[in-house]
Amino acid sequence: MIIFFGPAGSGKSLQGQKLAEKHNWKWMSIGQMLRDRKDPELEEIMKKGELVPDELVVEMMHDAVVKADEAGFNAILDGYPRDEWQAKWVVDNGDTKYLDGAIIFDVPHEELKKRLSLRAREDDTDEAIEQRWAIFDRTIKVMSEMLSEKGVKIAHIDGVGEIEEISKRIEKQLAEWKVID
(Lines give C-alpha, C1' and ligand atoms only; values in the text may rest on other atoms or scores of the structure.)
Protein backbone atom coordinates (compact mmCIF):
# COMPACT_ATOMS: atom_id res chain seq x y z
CA MET A 1 0.00 0.00 0.00
CA ILE A 2 1.13 3.50 -0.78
CA ILE A 3 0.37 6.69 1.13
CA PHE A 4 -0.18 9.86 -0.89
CA PHE A 5 0.58 12.95 1.20
CA GLY A 6 -0.10 16.46 0.00
CA PRO A 7 -1.96 19.61 0.92
CA ALA A 8 -5.45 20.38 -0.38
CA GLY A 9 -5.18 20.92 -4.14
CA SER A 10 -1.96 18.93 -4.60
CA GLY A 11 -3.59 16.41 -6.94
CA LYS A 12 -3.13 13.42 -4.65
CA SER A 13 -6.76 12.33 -4.95
CA LEU A 14 -6.84 12.61 -8.74
CA GLN A 15 -3.54 10.75 -9.05
CA GLY A 16 -4.60 8.16 -6.46
CA GLN A 17 -7.84 7.42 -8.31
CA LYS A 18 -6.03 7.16 -11.66
CA LEU A 19 -3.38 4.82 -10.25
CA ALA A 20 -5.95 2.67 -8.45
CA GLU A 21 -8.07 2.33 -11.58
CA LYS A 22 -5.08 1.53 -13.81
CA HIS A 23 -3.72 -1.20 -11.49
CA ASN A 24 -7.03 -2.46 -10.05
CA TRP A 25 -6.14 -1.19 -6.58
CA LYS A 26 -8.34 0.35 -3.91
CA TRP A 27 -8.39 4.13 -3.51
CA MET A 28 -9.02 4.99 0.12
CA SER A 29 -9.53 8.64 0.96
CA ILE A 30 -10.39 9.41 4.56
CA GLY A 31 -11.91 12.71 3.44
CA GLN A 32 -14.22 10.94 0.99
CA MET A 33 -15.05 8.22 3.50
CA LEU A 34 -16.04 10.89 6.03
CA ARG A 35 -18.08 12.89 3.48
CA ASP A 36 -19.86 9.68 2.46
CA ARG A 37 -21.09 9.22 6.03
CA LYS A 38 -23.34 12.29 5.62
CA ASP A 39 -22.94 13.08 9.32
CA PRO A 40 -23.86 16.76 9.92
CA GLU A 41 -21.48 17.02 12.89
CA LEU A 42 -18.55 15.68 10.86
CA GLU A 43 -19.50 17.86 7.88
CA GLU A 44 -19.40 20.97 10.09
CA ILE A 45 -15.96 20.05 11.42
CA MET A 46 -14.62 19.57 7.89
CA LYS A 47 -16.27 22.76 6.63
CA LYS A 48 -14.23 24.71 9.20
CA GLY A 49 -11.04 22.99 8.04
CA GLU A 50 -10.65 21.24 11.37
CA LEU A 51 -9.73 17.61 11.74
CA VAL A 52 -12.22 14.90 12.63
CA PRO A 53 -11.39 13.07 15.89
CA ASP A 54 -8.30 10.93 15.40
CA GLU A 55 -9.82 7.87 17.04
CA LEU A 56 -12.61 7.71 14.45
CA VAL A 57 -10.18 8.22 11.57
CA VAL A 58 -7.70 5.52 12.61
CA GLU A 59 -10.50 3.06 13.30
CA MET A 60 -12.05 3.63 9.86
CA MET A 61 -8.76 3.47 7.98
CA HIS A 62 -7.35 0.51 9.91
CA ASP A 63 -10.49 -1.51 9.14
CA ALA A 64 -10.32 -0.50 5.45
CA VAL A 65 -6.60 -1.35 5.19
CA VAL A 66 -7.03 -4.77 6.83
CA LYS A 67 -10.01 -5.61 4.60
CA ALA A 68 -8.12 -4.57 1.44
CA ASP A 69 -5.10 -6.63 2.50
CA GLU A 70 -7.23 -9.68 3.32
CA ALA A 71 -8.92 -9.37 -0.09
CA GLY A 72 -5.51 -9.22 -1.77
CA PHE A 73 -5.83 -5.63 -2.97
CA ASN A 74 -3.09 -3.07 -3.01
CA ALA A 75 -4.30 0.41 -2.11
CA ILE A 76 -3.60 4.11 -2.20
CA LEU A 77 -4.13 5.74 1.20
CA ASP A 78 -5.09 9.28 0.28
CA GLY A 79 -4.03 11.70 2.99
CA TYR A 80 -3.82 9.19 5.82
CA PRO A 81 -2.33 9.46 8.35
CA ARG A 82 -3.29 13.12 8.52
CA ASP A 83 -1.48 14.26 11.66
CA GLU A 84 1.23 13.23 14.10
CA TRP A 85 -1.15 11.38 16.44
CA GLN A 86 -2.45 9.24 13.56
CA ALA A 87 1.08 8.56 12.28
CA LYS A 88 2.14 7.48 15.76
CA TRP A 89 -0.92 5.20 15.93
CA VAL A 90 0.01 3.63 12.57
CA VAL A 91 3.56 3.03 13.82
CA ASP A 92 2.61 1.84 17.32
CA ASN A 93 -0.12 -0.52 16.08
CA GLY A 94 1.95 -2.21 13.39
CA ASP A 95 0.08 -0.86 10.37
CA THR A 96 3.42 0.03 8.77
CA LYS A 97 3.66 -3.66 7.78
CA TYR A 98 1.05 -2.91 5.09
CA LEU A 99 3.00 0.02 3.61
CA ASP A 100 5.30 -0.09 0.59
CA GLY A 101 6.05 3.63 0.76
CA ALA A 102 4.74 7.16 0.97
CA ILE A 103 4.79 9.82 -1.74
CA ILE A 104 4.70 13.50 -0.82
CA PHE A 105 3.34 15.83 -3.50
CA ASP A 106 5.32 19.06 -3.63
CA VAL A 107 3.24 21.94 -5.01
CA PRO A 108 3.76 25.68 -4.34
CA HIS A 109 0.90 27.44 -2.52
CA GLU A 110 0.17 29.74 -5.48
CA GLU A 111 -0.42 26.71 -7.70
CA LEU A 112 -2.57 25.13 -4.98
CA LYS A 113 -4.74 28.27 -4.79
CA LYS A 114 -5.18 28.25 -8.56
CA ARG A 115 -6.24 24.60 -8.55
CA LEU A 116 -8.62 24.95 -5.63
CA SER A 117 -10.36 27.89 -7.30
CA LEU A 118 -11.33 25.45 -10.08
CA ARG A 119 -12.98 22.85 -7.87
CA ALA A 120 -16.24 23.53 -6.10
CA ARG A 121 -16.50 21.74 -2.79
CA GLU A 122 -18.49 23.00 0.15
CA ASP A 123 -15.58 22.52 2.57
CA ASP A 124 -13.18 24.55 0.37
CA THR A 125 -13.68 27.91 2.04
CA ASP A 126 -10.62 30.18 2.17
CA GLU A 127 -10.40 29.74 5.94
CA ALA A 128 -10.73 25.95 5.75
CA ILE A 129 -8.09 25.70 3.03
CA GLU A 130 -5.61 27.84 4.96
CA GLN A 131 -6.29 25.76 8.08
CA ARG A 132 -5.68 22.47 6.23
CA TRP A 133 -2.47 23.81 4.64
CA ALA A 134 -1.18 24.95 8.02
CA ILE A 135 -1.85 21.53 9.53
CA PHE A 136 -0.14 19.78 6.61
CA ASP A 137 2.89 22.08 6.67
CA ARG A 138 3.22 21.67 10.44
CA THR A 139 2.95 17.87 10.50
CA ILE A 140 4.36 16.38 7.27
CA LYS A 141 8.01 16.38 8.36
CA VAL A 142 7.33 14.66 11.68
CA MET A 143 4.94 12.13 10.11
CA SER A 144 7.36 11.20 7.34
CA GLU A 145 10.22 10.85 9.85
CA MET A 146 8.11 8.56 12.07
CA LEU A 147 7.22 6.33 9.14
CA SER A 148 10.75 6.36 7.74
CA GLU A 149 12.15 5.23 11.11
CA LYS A 150 9.89 2.17 10.82
CA GLY A 151 11.26 1.35 7.36
CA VAL A 152 8.60 3.01 5.21
CA LYS A 153 10.18 4.47 2.07
CA ILE A 154 9.47 8.18 1.52
CA ALA A 155 9.73 10.06 -1.79
CA HIS A 156 8.91 13.60 -2.89
CA ILE A 157 7.22 14.02 -6.27
CA ASP A 158 7.01 17.31 -8.17
CA GLY A 159 3.24 17.79 -8.31
CA VAL A 160 3.34 20.55 -10.93
CA GLY A 161 2.77 19.82 -14.60
CA GLU A 162 0.38 17.96 -16.84
CA ILE A 163 -1.62 15.19 -15.20
CA GLU A 164 0.02 12.45 -17.29
CA GLU A 165 3.49 13.86 -16.60
CA ILE A 166 2.86 13.68 -12.84
CA SER A 167 1.43 10.15 -13.20
CA LYS A 168 4.64 9.06 -14.93
CA ARG A 169 6.74 10.49 -12.08
CA ILE A 170 4.68 8.51 -9.58
CA GLU A 171 4.87 5.29 -11.56
CA LYS A 172 8.63 5.70 -12.00
CA GLN A 173 8.97 5.93 -8.22
CA LEU A 174 6.71 2.93 -7.65
CA ALA A 175 8.74 0.92 -10.17
CA GLU A 176 11.95 1.85 -8.30
CA TRP A 177 10.31 0.52 -5.14
CA LYS A 178 9.23 -2.60 -7.10
CA VAL A 179 5.57 -1.99 -6.29
CA ILE A 180 4.75 -2.06 -10.00
CA ASP A 181 6.62 -3.35 -13.06
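The exercises below, each with a worked solution, concern a predicted model.

**Exercise 1. Classify the aromatic pair and state which elements hold its rings.**

Solution. 
- A pair of aromatic rings is described by the distance of the centres and the angle of the planes.
- The count comes to one aromatic pair.
- Phe4 and Phe105 have ring centres 5.0 Å apart, with 70° between the planes, so the pair is edge-to-face; the cut-off for that class is over 60 degrees.
- Phe4 belongs to strand S1 (residues 2-5) and Phe105 to strand S4 (residues 101-106), so the pair ties together parts that are 101 residues apart in sequence.
- Phe4 and Phe105 are both buried.

**Exercise 2. Find the residue that lies over the face of Phe73.**

Solution. 
- The residue is Lys26, at 4.4 Å from the ring centre of Phe73.

**Exercise 3. Describe the largest nonpolar core and trace the contacts of Leu147.**

Solution. 
- The largest nonpolar core has 33 residues. Those touching the most other members are Met1, Phe5, Met28, Leu34, Leu77, Leu99 and Leu147.
- At least two residues of this core come from each of S1, helix H2 (30-36), helix H3 (40-47), helix H4 (54-70), strand S3 (75-78), helix H5 (84-92), S4 and helix H7 (126-149).
- H4 supplies the largest share, eight residues.
- Leu147, with neighbours within four places in sequence left aside, is in contact with Ile3, Phe5, Val90, Val91, Thr96, Leu99, Val152 and Ile154.
- Another core, of 16 residues, lies apart from the largest one; Ala20, Ile103, Leu174 and Ile180 are among its members.

**Exercise 4. Decide whether Trp85 is buried, partly exposed or exposed, and list its contacts.**

Solution. 
- Trp85 is located in helix H5.
- The relative accessible area of Trp85 is 39%. Buried requires under 20% and exposed over 50%, so Trp85 is partly exposed.
- Beyond residues up to four places away in sequence, Trp85 touches Asp54, Glu55 and Val58.
- Between Trp85 and Thr139 there are 9.7 Å from C-alpha to C-alpha, at a sequence separation of 54 residues.

**Exercise 5. Give the volume of the largest pocket and identify the residues closest to its centre.**

Solution. 
- The largest pocket holds about 860 Å³ of space.
- Its lining consists of 46 residues, of which Pro7, Ala8, Gly9, Lys12 and Arg119 are the closest to the centre.
- Two or more lining residues come from each of helix H1 (12-23), strand S2 (26-29), H2, helix H6 (109-118), H7 and helix H8 (163-176).

Terms used
Residues are numbered from 1 along each chain as its sequence is written. This is a predicted model: local features need pLDDT of at least 70, side-chain atom pairs count only at pLDDT 80 or more; totals for chains, interfaces and linings use all residues. Side-chain values use heavy atoms; hydrogens and water are left out. Rings of Phe, Tyr and Trp (its six-membered ring) pair if their centres lie within 6.5 Å; planes under 30 degrees apart count as stacked, over 60 as edge-to-face and the rest as tilted. Helices (H or I, at least four residues) and strands (E, at least two) are DSSP runs, numbered from the N terminus. Buried means under 20% relative accessible area, exposed over 50%, partly exposed in between (1.4 Å probe, protein chains only). A charge sits over a ring if NZ of Lys or CZ of Arg is within 6 Å of the ring centre and within 35 degrees of the ring normal. A nonpolar core is a set of buried Ala, Val, Leu, Ile, Met, Phe, Trp, Tyr and Cys residues joined through side-chain atoms within 4.5 Å. Contact means heavy atoms within 4.5 Å. On a 1 Å grid over the protein atoms alone, a cavity is a set of points where a 1.4 Å probe fits but cannot get out, and a pocket is an open set with protein on both sides within 12 Å along at least five of seven lines; lining residues have an atom within 4 Å of a point. Grid points are joined across faces, edges and corners, and a volume is the space filled by probe spheres set on the points.
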